[in-house]
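The sequence and structure are shown first.

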Amino acid sequence: MKIFKRVLEKINREFLLQEGDKIVLAFSGGPDSAFLLEMLLELKKTLNFEIVLAHINHLLRGKDSDGDEDFVRRIGKKYGIEVYIKRVDITKEGKEKGLGLEEAGREARYNFFDEVLKEIDGNKVALAHNLDDQIETFLFRLMRGTSLEGLEGINSKGKYIRPINELYKSEIMEYLNSRELEYRIDSTNFENEFTRNSIRLDLIPFIENRYNPNFKDKIFTTIKEIRDVNNLLKIDYEDYFDEGFLSVKKMEKESNYIQSKIINSYLNNYSIKVSRDKILGILKFLSSCGSKEFKLSKNLILKKEYDKIFVKDNSVEVSISQEFKELKVPGKIEFGNYLLEAFEAEKDSKLKNEFLTNLNVGDILTVRKRENGDKIIPTGMKNSKKVKEILINEKIPKDMRDDIPIVVFNDEVIWIAGVRGNENYKASKNGIRLKLSTRRQS
């Protein structure tokens with residue numbers, strides 16, 4: 001079976017599946033997902049892994065949508081595979097969130113796949129994108145404007161694997177039809193109301209007929225070359241961070257292109273959609289003087305203060321229950337956007353997000369927000385200083401100062417988390433000591 005061999009070669013080449021994996025297969029019931037299921041079932045004959053089917057009913061096509069749902073249940077029963085189904089009114093959800101149908105549908109699907117992944121304690125989501133999908137995405141993003149990363153098409157990334165994205169739709173259909181395998185057809189795929197459908201139904205056939213019948217092959221070659229270039233331009237993004245913030249000084253030494261890649265990677269951590277116009281706007285924003293703000297979405301803004309750049313979520317506020325928390329040594333707690341941990345450690349540390357202390361196992365610390373009049377004896381000093389002054393001297397952005405956890409023991413501030421420790425609580429002896437550490441979670 002030549003086509004399975006090609007899928008298997010891709011899986012092995014990119015290490016997409018391993019023994020013991022638990023896979024959520026995004027199963028619409030259409031030709032692509034039906035084909036991917038057949039390939040995975042064939043692979044299961046020689047590799048031990050688990051599959052469940054996840055199907056979301058968008059409630060857009062009435063009886064046809066219900067028919068898809070019934071088909072998915074039947075396929076699950078046929079092969080003895082567990083099926084997870086969710087119904088979502090995409091039209092209503094799109095209006096509530098201010099999203100188009102395509103975008104609202106995509107968000108609902110991926111959220112559901114992640115829910116199922118968590119429920120089964122799985123580790124991968126298999127998506128049935130084909131090569132035509134990649135080419136359509138390339139053209140779509142090219143017209144909208146995007147980075148070189150955006151022009152890579154639809155590639156496997158992290159937990160999302162795409163084992164059949166190097167096969168054309170025509171190859172998939174030929175395989176299914178020659179074996180009389182069942183699948184469902186979504187009639188909306190033949191309507192050119194949506195941009196992607198128009199690219200598939202109008203633009204690509206026009207170019208193939210008028211200019212080059214091998215147009216799609218040429219585009220895929222370009223996609224592969226772009227991926228190779230992006231791999232050669234791999235960047236260690238951590239080099240441009242200081243204490244969780246992007247550093248303006250470190251970034252300004254690079255070309256605009258490298259800066260664009262750094263920003264693109266940073267914003268992807270927040271699932272922020274990135275366009276060429278947005279990147280250009282941010283580059284201009286970074287070169288301006290003083291403290292500035294750049295609106296990224298409804299709730300997220302990019303802030304520049306001193307030499308630091310960071311994303312702030314205006315919709316997130318620390319609740320009253322988060323204003324005071326106990327941290328037992330050893331132990332771990334979440335405080336706002338921070339994770340704090342106390343644990344035994346032998347080695348010293350010069351990292352600002354860690355503080356080696358003379359605390360004892362069993363000590364109970366209080367973690368809270370800063371208060372007026374808070375003072376601390378900074379490490380290396382003899383006299384106390386106001387916490388407010390230290391935060392200013394350390395050039396902590398004003399909007400971040402009230403979020404930083406203050407660690408207190410016996411009514412004394414012993415650590416401004418990630419900023420400065422208290423000289424009186426600094427470890428002085430060798431052997432096992434207690435280390436405090438913190439990191440931002442968003």
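Helices are DSSP runs of H or I with at least four residues, numbered from the N terminus. The model described here is predicted.

In that numbering, helix α1 comprises residues 2-13. Its twelve residues reach 16 Å from the first C-alpha to the last, close to the 16 Å expected at 1.5 Å a residue. Just after α1, F15 adopts a positive phi of about 55°.

Which residues of α1 are buried? They are I3, F4, V7, K10 and I11. Because these residues cover an arc of only 125° around the axis, they lie on the same side of α1. On the other side of α1, K2 and K5 are exposed. The buried residues pack against two helices, α2 (31-43) and α7 (169-178).

**The contact with α2**

Helices α1 and α2 pack at an angle of about 75°, and their axes are 11 Å apart. The angle falls within the range of 65 to 115 degrees, which makes α1 roughly perpendicular to α2. The residues that form this contact are listed by helix below.

| Helix | Residues in the contact |
|---|---|
| α1 | I3, F4, V7, L8 and I11 |
| α2 | F35, M39, E42 and L43 |

Glu counts as charged, and E42 of α2 is among the contact residues.

Key:
Residues numbered from 1 in each chain as written. Predicted model: local features only at pLDDT ≥ 70, side-chain atom pairs only at ≥ 80, totals over all residues. Heavy atoms only, no water. Expected span 1.5 Å × (residues − 1). Buried < 20%, exposed > 50% of the residue type's maximum accessible area, 1.4 Å probe, protein only. Arc of directions from axis to C-beta. Contact = heavy atoms within 4.5 Å. Axes fitted to C-alpha atoms, helices over the stretch in contact; angles between N-to-C directions. Parallel < 35°, antiparallel > 145°, perpendicular 65-115°, else oblique.
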